[in-house]
Amino acid sequence: MKPAGRCSPREKGNAWKRSGGLPGPLRSLQRRGPPQARCSFVWCEKGRPAKTSGAQGKMTPQGGNGGFWGILQDLLLYTMLGFLERPVVVTADINLNVVALTAVGLLSRLWQLAYPRAVVFDEVYYGQYISFYMKRIFFLDGSGPPFGHMLLALGGYLGGFDGNFLWNRIGAEYSSNVPVWSLRLLPALTGALLVPMAYQILLELGFSHCAATGAALLILIENALITQARLMLLESVLIFFNLLAVLSYLKFANSQKQRPFSLRWWFWLTLTGMACSCAVGVKYVGVFTYLLVLAVAGVHAWHLIGDRTLSHVRVLCHLLARVAALLVIPALMYLLFFYVHLTLVYRSGPHDQIMSSAFQASLEGGLARITQGQPLEVAYGSQVTLKNVFGKPVPCWLHSHQSTYPMIYENGRGSSHQQQVTCYPFKDVNNWWIVKDPGRHPLVVSSPPRPVRHGDVVQLVHGMTTRFLNTHDVAAPLSPHSQEVSCYVDYNISMPSQNLWRLDIVNRESDTEVWKTILSEVRLVHVNTSAVLKLSGAHLPDWGFRQLEVVGEKLSRGYHESMVWNVEEHRYGKSQEQKERELELHSPAQMDVSRNLSFMARFLELQWRMLMVKNDDSEHKYSSSPLDWVTLDTSIAYWLHPRTSAQIHLLGNVVIWASAGLATAVYVLLFLWYLLRRRRCIWDLSEDCWLRWVLAGALCAGGWAVNYLPFFLMEKTLFLYHYLPALTFQILLLPVVLQHVADHLCRSPLLRSVFGSLVVAWYSCACHVFNTLRPLTYGDRSLSPGELKALRWKDSWDILIRKY
């Protein structure tokens, strides 16, 4: 006898088998579902298996079984029996095309990655920034935001690089402490991933696996893309994020058709915004792809607004989601890049002087070490140095010395023969000035100090010569439309001193604001003539020691940053006697006042300086114009082996470059042809095919245009590698055009066969060119002078041939 309400283990097993091992609903899932983990249970009561209630498949026990805990016990038992009856199976869809393309992409980019173990072309440029990161030294690069530099520095950090290498010469051998493989790894990985990404983009656009594979293989054998990806450079990283943004948006758009607001939908939409932000964070030119994605998303959103099947609330949710993912998230990530950058580089470095005094004081060492302990409020009797806020052509400080202006200038004009006042680009004891109260004689700070406020009239006394800053109606030496600024020398002639200046705090918050060290930006307005103390930027002749001219500019000529000054170094004067004061000017201050800038203040200044800094526009041996890029009329010699003829050149696969340009022209002509015929109500393509054709052109041909045409408007030194982002989009367009021709223009099977044979022959030619140029792509084989001459297919290709 067994207790009532329980089944023996044998009866439970029999019940499981008689019920098919599963209740009704789960048995139906077993018949039609995919192979995955499944379990089931069945209750039995008083020695009999439970019955199921018809089609519903619900379990109906014939009596009580001990309550909730008994049910739970049976549930666990039958779950275990289910696992024993049927194994747990996990299935995954693996696209072997993607796996194979990723593998060959990695092989082509990672093969002998540490070779050559020498500085190759622009590695000399990026390497110094990596060293700055390793040593936490502040720097400024006008070519783009810091995200790309941080990614390269991450490779150095993971490789254990300490930053100790002198990046001063292309071709210099790397020392043993430089982890070359690690530094080049990230660009190589991003370059390798371009291959499967090209495949995925074509699939998401709705084209065949054959076309998608063709696009990936073209990226795989493009010599210039391989060369650029195998070095410590940023173009392959930029292209990766460009394509990632496009791929993510296409996956999002396809998810929109199936399950909007699903987890997959949110993932791809958010990744689109993040990829766009990363592209801009690598280089400013990434903004072109970002704008392209925003334009396509805007068109899709416009169509969404017109969808009458959606409620107003749902349309609003769609728009808000896009704004958050494509505008807000990229902006926050952009700020994050700079926050991490400024957190890492907190020490003073060689790029400090281009920044404001307040920014410099926020860095460890440098000006922060000099200004540490300075009093905050400028008072009567304060000893100060005045730096020009504009900082162009170079940062400089208001300066004077014993020398006077010449009696007669070179052009025959006369001068006041007063003591010279200039702007000097180096720290010097002659940069010190004393703020004096016109109504009092002492040149020391009283106790308590009397602060100087906005609107106060002051005199500025040169610390080392004790002469007053002065201006009058005499033409400046190099700017005759402005007044000469000098330190007044009393020659006992009828030329009275005019040395009163009114303080105008430009960034004041109130009209009674106190003049503050470093933080206050001030103008000094001459009381008698209303002229403003201004840096003209002109270099004085030899009699002025090539220092920068300072003039008095009439207020009526408008406001300019060159009229604004700030106190950089500051101490409270204590000595009335001149000899003691001169000694005091060389001694450090003692008071401790903190004036750290907020992150947003530092971000805004750094961003402004990056946009305004003028890059070196000098002509380079390998610089080129955008017109040279399309036809590959230029090349760049990246590296030459010091003893053999092995060398690395940035050279593209001429078959791919020419074919990509031709495909772009064919696409534009076909698009215009179809557009005109549709205007005449002639439908050559179905609506789905037409929309796919237009979207492919907008992203691929549009991606080429927005990444190429703006370079015609840029006033900077350009190189062939600037064309690579545009070329990548053009390569994606090539299989699109080929498939379209095969599907819609080759109307007979014979034409399709002939066209297919031509495509195979064309791709074989591209592979042959890749293999021929391979020694110049990898630089791993020395070629004879005859072989090198044979590779100079164009006279403009600068292939290096040694003379033995």
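This is a predicted model: local features need pLDDT of at least 70, side-chain atom pairs count only at pLDDT 80 or more; totals for chains, interfaces and linings use all residues.
## Ground rules

Contact here means heavy atoms within 4.5 Å.

## The chain overall

The chain comes to 23 helices and 18 strands. Of its 804 residues, 51% are buried. Take contacts between residues at least 6 apart in sequence, and 74% of them join residues at least 24 apart.

## Helix α6

Let's zoom in on α6, which runs over residues 147-158. From first C-alpha to last, its 12 residues reach 17 Å, close to the 16 Å expected at 1.5 Å a residue. Just after α6 sits G160, with a positive phi of about 80°.

So how enclosed is α6 by the rest of the structure? Largely, because 9 of its 12 residues are buried. Those are F147, G148, H149, M150, L151, L152, A153, G155 and G156. The cover over the buried residues of α6 includes α5 (123-135), α7 (180-204), α10 (235-258), α11 (263-282) and α13 (312-344).

## Cavities

Which residues line the largest cavity? They are E235, L238, K283, V285, F288, N707, F711, Y721, H722 and P725. Sorted by class, that lining has 6 nonpolar, 2 polar and 2 charged residues.

Note on methods: Residues are numbered from 1 along each chain as its sequence is written. Side-chain values use heavy atoms; hydrogens and water are left out. On a 1 Å grid over the protein atoms alone, a cavity is a set of points where a 1.4 Å probe fits but cannot get out, and a pocket is an open set with protein on both sides within 12 Å along at least five of seven lines; lining residues have an atom within 4 Å of a point. Ala, Val, Leu, Ile, Met, Phe, Trp, Tyr, Cys and Pro count as nonpolar, Asp, Glu, Lys and Arg as charged, and the others, Gly among them, as polar. Helices (H or I, at least four residues) and strands (E, at least two) are DSSP runs, numbered from the N terminus. The expected span of a helix is 1.5 Å times one less than its number of residues. Buried means under 20% relative accessible area, exposed over 50%, partly exposed in between (1.4 Å probe, protein chains only).
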